[in-house]
Amino acid sequence: MDFMSVRQAAQSLGVDDSRVRQLLHDGRLQGSRVGGRWIVEAGSVHDRKSAPPEPGRPLSARNAWGALSILSGCRPAGLSDSERSRLHKRLRNLAAHGDVPTERLQKLLAARAEVRRYRAHRSVLQPLLDDADVVRAGASAAPRVGADYVAPGRAEIYVHPERIGKLEAAFGLVLDAHGGNLLVRVPPASAWPFLVSAQQAADEGVDAPPSVIAADLLDAKEDRALVAAAGILKPLLASSAACVAGAA
């Protein structure tokens, strides 16, 4: 059986390395861990590449972050004019719904980051949330943007891909794929400037932009989280659609 590296699989599929690891974790690509690293079955990559597009297929990580940037009123970095135009059109169509299409948005944005779950001692959760190397996300940041959603005893953060090892060692994090009390999303390095664009004072930590917090809440797939996410997203979608209409 032939194998390839995560990087080779990502290049073949036209996605980010983090997306390949997520597909492996979800069982949608076949591979094995050798010495702590994934190797991917080449036949599995070929089968996915040749398969017809799936209905409701997620945006690539790059385009997912582009959509979140647009919702935040920012110009997406690293996208062509045609890619930005397609994203604006897709968001405008989503805004045309009477209610926020939470299920559709969750699927579209699902590939924005690799998701890891850890067990962490309760005493380190707050210091972890305040650490300079992380961005608070989801339930850990929702109240700060006025969303009525809390999850006591749990934490959600984003971590730069080059700093995840440092964080694991510093806080004694233990991987727990089936549960845990800490959810860590590892985005592409290119998304990090946007994530920290609204950085607070150093002693207050950093919160993700509202559009990202909403996307995190959608992933919870809980009624309260979905209601909170919709409350954040509705004005963002409306504002994005108005900007496109005004530019037309």
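User: Hi! What should I know about the model before we start?
Analyst: It is predicted, so local features need pLDDT of at least 70 and side-chain atom pairs count only at pLDDT 80 or more, while totals for chains, interfaces and linings use all residues. Residues are numbered from 1 along each chain as its sequence is written, and side-chain values use heavy atoms, with hydrogens and water left out.

User: Great, pockets then. How much space lies in the largest pocket?
Analyst: About 700 Å³. A pocket here is an open set of points on a 1 Å grid over the protein atoms alone, with protein on both sides within 12 Å along at least five of seven lines. The volume is the space filled by probe spheres set on the points, which are joined across faces, edges and corners.

User: And which residues lie nearest its centre?
Analyst: Gln106, Arg117, Arg185, Asp219 and Ala220, out of 32 lining residues; lining means having an atom within 4 Å of a point. The largest share, 5 residues, comes from α11. Helices (H or I, at least four residues) and strands (E, at least two) are DSSP runs, numbered from the N terminus.

User: How does that lining divide by class?
Analyst: Into 12 nonpolar, 7 polar and 13 charged residues. Ala, Val, Leu, Ile, Met, Phe, Trp, Tyr, Cys and Pro count as nonpolar, Asp, Glu, Lys and Arg as charged, and the others, Gly among them, as polar.

User: What about the second largest pocket?
Analyst: That one holds about 500 Å³. Its lining has 17 residues, with Arg21, Arg33, Trp38, Glu114 and Arg116 nearest the centre. By class there are 5 nonpolar, 3 polar and 9 charged residues. β4 gives the largest share, 4 residues.

User: New topic: how do α4 and α11 cross?
Analyst: The axes of α4 (residues 61–71) and α11 (residues 210–220) come within 8 Å and cross at roughly 125°. Axes are lines fitted to C-alpha atoms, for helices over the stretch in contact, and angles run from 0 to 180 degrees between N-to-C directions. That makes α4 oblique to α11, because angles under 35 degrees count as roughly parallel, over 145 as roughly antiparallel, 65 to 115 as roughly perpendicular and the rest as oblique.

User: Which residues make the contact?
Analyst: Trp65, Leu68 and Leu71 of α4, with Ser211, Val212 and Ala215 of α11. Contact means heavy atoms within 4.5 Å.

User: Where is Leu233, and is it buried or exposed?
Analyst: Leu233 is in helix α12 (residues 223–247) and is buried, with a relative accessible area of 2%. Buried means under 20%, exposed over 50% and partly exposed in between, using a 1.4 Å probe and protein chains only. Leaving out residues up to four places away in sequence, Leu233 touches Leu71, Val100, Leu105, Ala214 and Leu218.

User: Last one: why is α2 described as largely enclosed?
Analyst: Because 7 of the 10 residues of α2 (residues 17–26) are buried. Those buried residues pack against elements including α1 (6–13), β3 (37–41) and β8 (182–186). Just after α2, Gly27 takes a positive phi of about 80°.

Technical notes: 1 Å grid on protein atoms, 1.4 Å probe; cavity = no way out; pocket = protein on both sides within 12 Å on 5 of 7 lines; lining within 4 Å.
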